[in-house]
Amino acid sequence: MAAPEMTHEVRIDPLDRSTTCPAGQSILESCLRDDIWLPHSCTQGTCGSCKVKVLAGEVDHRESSEYTLTPEERESGIALGCQATPMSGLVLEPVEQVDPDDGVPRHPLRDHTGTVVVLDDIARDIRRLVVELDEPMAFNPGQYAEISVPGTEVARQYSMANPPSETSRLEFHVRRTPGGIATDGWMFAGLAVGERVELKGPLGDFGMPVAQEEPAILIAGGTGLAPLKSIVRHALAHDLAPELHLYHGGRSRQDLYDVEFFEDLAREHPNFGYRPCLSEEDWEGATGLVTDVVLADFQSCRGLSAFLCGPPGMIEAGVKALKRRRMAPRKIHREEFLDASHAAR
């Protein structure tokens with residue numbers, strides 16, 4: 001008879017909730033699977049938003065880097081929820097405040113299987129992957145799923161581009177990473193329509209899940225458009241913001257996609273604006289870095305909010321630009337897309 005798998009009870013003190021964490025499973029994953037919400041973003045140990053304070057018990061920090069979790073933080077009992085595993089029973093509290101009454105829908109983390117129904121090239125080195133799930137997955141606009149690469153222990157994160165109303169048919173925008181196990185080694189090589197895939201989700205806390213009073217500026221670089229497409233469609237369908245201004249940046253026209261879709265959406269909704277921007281090609285549209293175009297369009301961003309998604313350099317430039325225009329830092333929401341060397345989406 002096989003020995004029973006070791007487990008440890010993990011109690012989240014301020015929420016008065018507990019979960020039983022299997023050996024080797026991260027504290028964050030165990031909590032999310034038990035429908036206990038903890039703040040998190042990347043789940044790769046790079047952003048630090050899932051930090052918890054260990055009030056009692058011991059953890060194995062595993063691959064937690066000193067860049068994200070300093071030695072001083074470890075000594076004071078701080079751990080990364082997405083990396084740390086329990087070595088005993090634990091009592092924890094999130095470092096970032098959790099408000100169970102904030103009105104945001106929460107969806108438990110689940111494993112899913114599905115079938116590839118669309119796999120199309122839509123821009124330079126970008127493919128649209130659509131998966132029909134065997135069972136629906138509830139999620140918030142802006143969240144992502146983690147797709148497993150067959151035959152490996154590798155998984156990559158991709159944001160849903162479809163709105164939460166479409167729970168069984170998930171759309172992803174995948175950028176090819178040269179030499180990448182998930183892209184060059186699979187999605188841009190042997191993957192075909194009709195094949196089966198495994199994924200888990202939803203994950204992340206980026207997005208616009210509830211109504212807000214202020215207009216929103218949405219800035220995307222490359223496939224950072226995916227979660228913003230989900231947010232825009234959901235926000236327009238449910239009147240979540242008085243105005244939405246979407247900017248999508250690329251180097252040339254080869255990098256743009258879904259242009260007609262957003263142009264049609266802008267014609268249908270007077271409170272939605274769409275502005276594609278090219279940094280290395282002259283054309284009839286906006287030219288320059290997408291963040292510079294936003295600066296030119298808005299002399300003041302006071303009283304507005306922003307949602308930024310794309311590579312780190314674009315995110316950093318966007319945050320600086322919006323602060324220059326007097327946007328409140330707490331109104332600037334961001335999601336970084338990193339390359340495969342940093343556990344890319």
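**Figure 1. Strand 9 and strand 12 in the predicted model.** In this predicted model, Glu132 stands opposite Arg169, a residue of strand 12. Strand 9 and strand 12 run antiparallel and are joined by seven bridges. Strand 12 is mostly covered, with five of its seven residues buried.

Figure 2. Strands of a sheet pair through backbone hydrogen bonds, and the pairing is either parallel or antiparallel.

**Figure 3. The pairing of strand 8 with strand 13.** Strand 8 (residues 110–123) pairs with strand 13 (residues 196–203) over six bridges, in the antiparallel sense. Asp111 stands opposite Lys200, which belongs to strand 13.

Figure 4. Strand 10 (residues 144–148) and strand 11 run antiparallel, and five bridges join them. Is strand 11 enclosed or left open by the rest of the structure? Four of its five residues are buried, so strand 11 is largely enclosed.

**Figure 5. Ser305 and its surroundings.** Ser305 is found in strand 18 (residues 305–310). Ser305 is buried, and its relative accessible area is 0%. Not counting residues up to four places away in sequence, Ser305 touches Gln212, Glu214, Pro215, Ala216, Ile217, Met327 and Lys331.

**Figure 6. Ile217 and its contacts.** Ile217 lies in strand 14 and is buried, with a relative accessible area of 0%. Which residues is Ile217 in contact with, leaving aside its neighbours within four places in sequence? Among them are His245, Tyr247, Val294, Phe298, Cys301 and Leu304. The contacts of Ile217 also include Ser305, Ala306, Phe307, Leu322 and Met327. Gly285 is 68 residues from Ile217 in sequence, and the two are 18 Å apart in space, C-alpha to C-alpha.

**Figure 7. Helix 6 and what covers it.** Helix 6 (residues 290–297) has buried residues including Val290, Thr291, Val293, Val294 and Leu295. Among the elements covering the buried residues of helix 6 are strand 14 (216–221), strand 15 (244–250) and strand 16 (272–278). Strand 17 (286–287) and helix 7 (312–324) are also included in this cover.

**Figure 8. The largest pocket.** The largest pocket holds about 1200 Å³ of space. It is lined by 40 residues, and the closest to its centre are Glu96, Asp205, Phe206, His333 and Arg334. Which strand gives the largest share of the lining of the largest pocket? Strand 19 (residues 332–336) does, with five residues. By class, the lining has 16 nonpolar, 12 polar and 12 charged residues.

Technical notes. Residues are numbered from 1 along each chain as its sequence is written. This is a predicted model: local features need pLDDT of at least 70, side-chain atom pairs count only at pLDDT 80 or more; totals for chains, interfaces and linings use all residues. Side-chain values use heavy atoms; hydrogens and water are left out. Two strands pair if DSSP finds at least two bridges between them. Helices (H or I, at least four residues) and strands (E, at least two) are DSSP runs, numbered from the N terminus. Buried means under 20% relative accessible area, exposed over 50%, partly exposed in between (1.4 Å probe, protein chains only). Contact means heavy atoms within 4.5 Å. On a 1 Å grid over the protein atoms alone, a cavity is a set of points where a 1.4 Å probe fits but cannot get out, and a pocket is an open set with protein on both sides within 12 Å along at least five of seven lines; lining residues have an atom within 4 Å of a point. Grid points are joined across faces, edges and corners, and a volume is the space filled by probe spheres set on the points. Ala, Val, Leu, Ile, Met, Phe, Trp, Tyr, Cys and Pro count as nonpolar, Asp, Glu, Lys and Arg as charged, and the others, Gly among them, as polar.
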